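Biologist: Hi! I'm new to this one, could you walk me through it?
Modeller: Happy to, let's bring it up.

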Amino acid sequence: MAGKFIRKFTKWFFITLNILVCIVFLLACLSPFLNPSRWAFIGFLALAVPYLAVVLIFSMIFWLIVKPVRAFIPIIALLIGWKQLTVICAWHASRTFNGENKGDSVIRIITWNVRGMYGLSKNSYTQIHDRIEIGALINRLDPDIICLQEFNNSTYKSSPYANNIGLFTGECPYYFFSKDFRNKNGEYYAGSILFSRFPILDTGKIKFHGPTGESLIYADILKGKDTIRIFTTHLQSFQFTQRDYADLKKIKDQNEEALEASENIYSKMKLAYSSRGIQADMVRKAADTSPHSSVMCGDFNDVPNSYTYFRIRGNRQDAFLASSFGVGRTYNALAPTLRIDYILPDKQFNVLQFDMVDEGLSDHHLLVSDISLKK
């Protein structure tokens with residue numbers, strides 16, 4: 001009698017658990033359609049999509065072995081959420097990035113959140129060295145377009161950040177700097193910057209509202225007889241401090257202060273999701289009104305399963321998905337699934353190759369892609 005009860009309980013436990021995971025997964029699949037500025041919870045669910053998908057795949061295998069008819073529950077959920085699954089991983093055969101013999105028709109684009117141009121060390125001497133290494137790494141890749149976020153530059157000659165712009169203008173002499181932040185004396189500026197090997201015909205800046213006050217910038221580049229618009233941006237981050245990372249550890253360790261820590265983390269994440277929802281709409285509007293073929297790149301601070309990603313990408317290509325393999329993590333902290341930096345050419349381009357480079361000089365990976373205009 002007891003054995004029969006246990007078998008019945010176990011059966012219904014797994015069925016109920018399976019259904020609950022399916023429901024949460026399908027709710028998370030609504031993230032492309034629900035703006036987190038109004039539905040903040042959807043941002044949190046989007047983070048869980050890769051993990052929920054893995055659970056459903058194992059669930060499907062389990063039921064195929066134990067009771068094949070019940071495998072239809074996770075299978076149907078995965079099919080409904082197929083759009084979400086297609087952006088988690090890239091499936092192209094892995095190959096070494098060919099940096100040599102770049103053809104005349106090729107445009108090599110780099111995007112990188114350089115974390116202030118001072119690397120990861122807290123040692124001032126190491127930071128000065130890493131600043132030079134960041135410039136050298138980018139220049140070795142022989143880019144035509146460089147988009148940098150969290151970039152800074154100082155005109156004060158004794159500053160360790162003096163003339164950061166000069167690190168790149170040898171090969172890419174044309175540039176446009178957002179200068180979102182500056183000190184009172186006007187000697188120090190920070191924000192996003194765009195460098196080009198080719199002449200810049202026009203530039204523009206769209207200021208974001210919100211706590212950080214950053215912006216979307218663009219430059220119209222003349223490549224031969226073609227004009228191409230390059231966008232770059234840095235969307236609202238969670239702005240986690242060292243204390244916040246300590247709070248995350250408290251939550252993970254179930255520390256007695258975990259509740260207070262959770263409330264602090266939740267409020268910061270909620271504000272960031274809401275801000276990015278608004279910013280994503282602004283970016284999409286600017287992209288849709290571009291009179292030229294365009295490439296959108298930058299640090300979106302959001303995963304591929306988010307409203308932010310789907311809203312900005314629209315019908316664009318994702319260079320990583322078009323020419324790479326794996327999950328493609330671009331941020332080194334918190335979780336192995338954080339692909340939050342992107343190169344998104346529109347359909348007028350061919351994506352020839354793509355790579356991510358991590359030399360330990362930033363908490364983000366450098367992204368580089370070769371593209372060309374379709375003839």
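This is a predicted model: local features need pLDDT of at least 70, side-chain atom pairs count only at pLDDT 80 or more; totals for chains, interfaces and linings use all residues.

Biologist: Great. Which residues make the nonpolar surface patch?
Modeller: The patch is made by F9, F13, F14, L17, V54, I57, F58, I61, F62, I65 and V66, and its area is about 1,100 Å².

Biologist: Which elements give two or more residues to that nonpolar patch?
Modeller: Those are α1, spanning 2-28, and α2, spanning 41-66.

Biologist: And where does the largest share of the patch come from?
Modeller: From α2, with seven residues.

Biologist: Let me pick V66. Where is its place?
Modeller: V66 sits in helix α2. Its relative accessible area is 48%, so V66 is partly exposed; a residue needs over 50% to be called exposed.

Biologist: How many salt bridges does the count come to?
Modeller: The count is 14 salt bridges.

Biologist: Can you show me one? What does R115 form a salt bridge with?
Modeller: Its partner is D363, and the closest N and O atoms are 3.5 Å apart. This pair links distant parts of the chain, 248 residues apart. R115 is in the loop between β2 (107-113) and α5 (124-140), while D363 is in the loop between β13 (349-357) and β14 (366-373).

Biologist: Is D363 buried or exposed?
Modeller: D363 counts as buried, because its relative accessibility is 18% and the cut-off is under 20%. R115, at 24%, counts as partly exposed.

Biologist: What about R197 and D142, how do their side chains meet?
Modeller: In a salt bridge, at 2.7 Å from N to O. R197 lies in the loop between β6 (188-196) and β7 (200-207) and D142 in the loop between α5 and β3 (145-154), so the bridge ties together parts 55 residues apart in sequence. R197 is partly exposed at 24% relative accessibility, and D142 is partly exposed at 30%.

Biologist: And R197 with D144?
Modeller: The side chains of R197 and D144 also meet in a salt bridge, at 2.8 Å from N to O. D144 is in the loop between α5 and β3, so this pair ties together parts that are 53 residues apart in sequence. D144 counts as buried, at 2% relative accessibility.

Biologist: Which residues do salt bridges that share partners join into one network?
Modeller: K102, D142, D144, E171 and R197.

Terms used
Residues are numbered from 1 along each chain as its sequence is written. Side-chain values use heavy atoms; hydrogens and water are left out. Patches are made of residues with over 30% relative accessible area and no salt bridge: like charges are joined within 9 Å, nonpolar side chains (Val, Leu, Ile, Met, Phe, Trp, Tyr) within 5 Å. Accessible areas come from the Shrake-Rupley method with a 1.4 Å probe; for residues, only the protein chains shown count as cover. A salt bridge is a side-chain nitrogen of Lys or Arg within 4 Å of a carboxyl oxygen of Asp or Glu. Helices (H or I, at least four residues) and strands (E, at least two) are DSSP runs, numbered from the N terminus. Buried means under 20% relative accessible area, exposed over 50%, partly exposed in between (1.4 Å probe, protein chains only).
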